[in-house]
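This report examines selected features of one protein chain. Please view the sequence and the model together while reading.

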Amino acid sequence: MPRPPAATARTSAGARWTPGSIPDQSGRLALVTGANSGIGYVTARELARRGAHVVLACRNHERGRQAIERLRTEVPRAHAELRLLDLADLASVRRFAEGWPHDRLDLLVNNAGIAMVPFSRTADGFESQFGVNHLGTFALTGLLMPHLLAAPHPRVVTVSSEGQRFARFDLDNLDAERGYRTLFAYIQSKRANLYFAAELQRRADTAGFPLRSMAVAPGLTRTNVLTGGANSARGRTHAALMHLLLRTAFRPTPEGAKTSLYAATVPDLPGGSYVVPDGPLQLRGEPVLRSREHALQDTTTSRLLWDLSERLTGVRYPVHTHTPLRD
């Protein structure tokens with residue numbers, strides 16, 4: 001079967017993009033967090049289908065085992081393995097990185113996250129959405145950086161959200177120091193993902209490393225992020241309403257995984273790219289690059305967040321920048 005032509009980065013709306021456009025991934029070693037279901041599972045499956053060796057990082061062993069079995073059924077010749085990771089526990093993140101069994105890491109997809117959960121704190125005492133979505137991701141990427149830099153063309157894809165556009169980012173209330181509002185905390189953590197991805201690229205460029213850091217927004221997608229985990233304790237009424245909303249307003253999971261797969265595999269995609277659906281309000285559509293986001297240019301906030309994240313997690317990156325902050 002002939003291979004599809006290499007994909008080219010899309011900067012405006014146009015023809016439909018499908019996982020069939022993904023070039024051969026043979027020889028590439030990929031890690032996808034939160035890969036037991038939803039966008040993470042589809043991302044891992046399609047990478048494996050194109051020949052990548054995929055590591056599924058999952059918090060729950062049984063759900064991870066079921067995901068591996070399902071993936072191998074759907075892609076019989078898949079090269080896939082399961083490793084346990086809990087982003088809500090920095091000790092788990094460190095164990096995961098210290099036990100990395102491979103000589104390199106070509107692709108890290110920071111997909112795992114939680115959304116609009118009741119107030120709780122992580123094992124390290126952080127507000128859970130900030131702790132899992134940003135700090136856990138920040139720590140994992142930093143601890144795996146030596147393995148990424150051992151790859152010839154390393155790439156990091158971090159899943160943000162179209163909702164980040166509405167965040168009123170408050171550096172003084174990232175950890176719910178001055179009150180907790182579920183939606184506010186969620187979209188703020190997703191804005192933090194975008195700041196992180198952009199700042200990682202700037203620091204890699206300054207250091208002269210070949211790493212490419214991307215961020216994506218999946219659009220409205222049917223996953224269990226609003227119904228599983230901590231949200232499963234909200235009761236039957238919440239579950240019924242969420243299932244109705246997901247069925248009527250959200251698009252199928254494979255559609256939501258397109259931006260992650262696009263950012264992970266398009267060969268000529270420049271570092272620092274932000275990939276979003278090309279439809280109205282970035283809620284649905286085909287992957288396209290978007291550069292007009294305030295967070296991508298806000299270097300002051302991104303660097304303040306970076307410094308704070310290093311202090312809170314104790315993880316320091318081998319990529320630094322010495323340009324002074326602007327007043």
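Does aspartate 170 count as buried or exposed, and why? The model is a predicted one, and in it aspartate 170 has a relative accessibility of 15%. Because buried means under 20% relative accessible area, aspartate 170 counts as buried.

Aspartate 170 is located in the loop between strand 5 (155–159) and helix 6 (182–207). When residues up to four places away in sequence are left aside, aspartate 170 touches Arg178, Phe184 and Gln188. With arginine 178, the side chain of aspartate 170 forms a polar contact of 2.4 Å.

Helix 3 spans residues 90–98, and its buried residues are Leu90, Ser92, Val93, Phe96 and Ala97. Down the helix axis, these buried residues fall within an arc of 155 degrees, so they line one face of helix 3. The exposed residues Arg95 and Glu98 are on the face turned away from that buried side. Among the elements against which the buried residues of helix 3 pack are strand 1 (29–33), strand 2 (53–58) and helix 11 (299–313). At the N-terminal end, helix 3 is capped by aspartate 89.

The table sets out two distances.

| Atoms or groups | Distance |
|---|---|
| Side chains of aspartate 170 and arginine 178 | 2.4 Å |
| Side-chain oxygen of aspartate 89 and backbone nitrogen of alanine 91 | 3.0 Å |

The second largest pocket has a volume of about 300 Å³. It is lined by 13 residues, of which Ala48, Arg49, Arg50, Gly51 and Arg77 are the closest to its centre. The lining of this pocket comprises 4 nonpolar, 3 polar and 6 charged residues.

Methods:
Residues are numbered from 1 along each chain as its sequence is written. This is a predicted model: local features need pLDDT of at least 70, side-chain atom pairs count only at pLDDT 80 or more; totals for chains, interfaces and linings use all residues. Side-chain values use heavy atoms; hydrogens and water are left out. Helices (H or I, at least four residues) and strands (E, at least two) are DSSP runs, numbered from the N terminus. Buried means under 20% relative accessible area, exposed over 50%, partly exposed in between (1.4 Å probe, protein chains only). A polar contact is a pair of N or O atoms within 3.5 Å; within protein, one must be able to donate a hydrogen and the other to accept it, and residues adjacent in sequence count only if both atoms are side-chain atoms. Contact means heavy atoms within 4.5 Å. On a 1 Å grid over the protein atoms alone, a cavity is a set of points where a 1.4 Å probe fits but cannot get out, and a pocket is an open set with protein on both sides within 12 Å along at least five of seven lines; lining residues have an atom within 4 Å of a point. Grid points are joined across faces, edges and corners, and a volume is the space filled by probe spheres set on the points. Ala, Val, Leu, Ile, Met, Phe, Trp, Tyr, Cys and Pro count as nonpolar, Asp, Glu, Lys and Arg as charged, and the others, Gly among them, as polar. The arc is that of the directions from the helix axis to the C-beta atoms.
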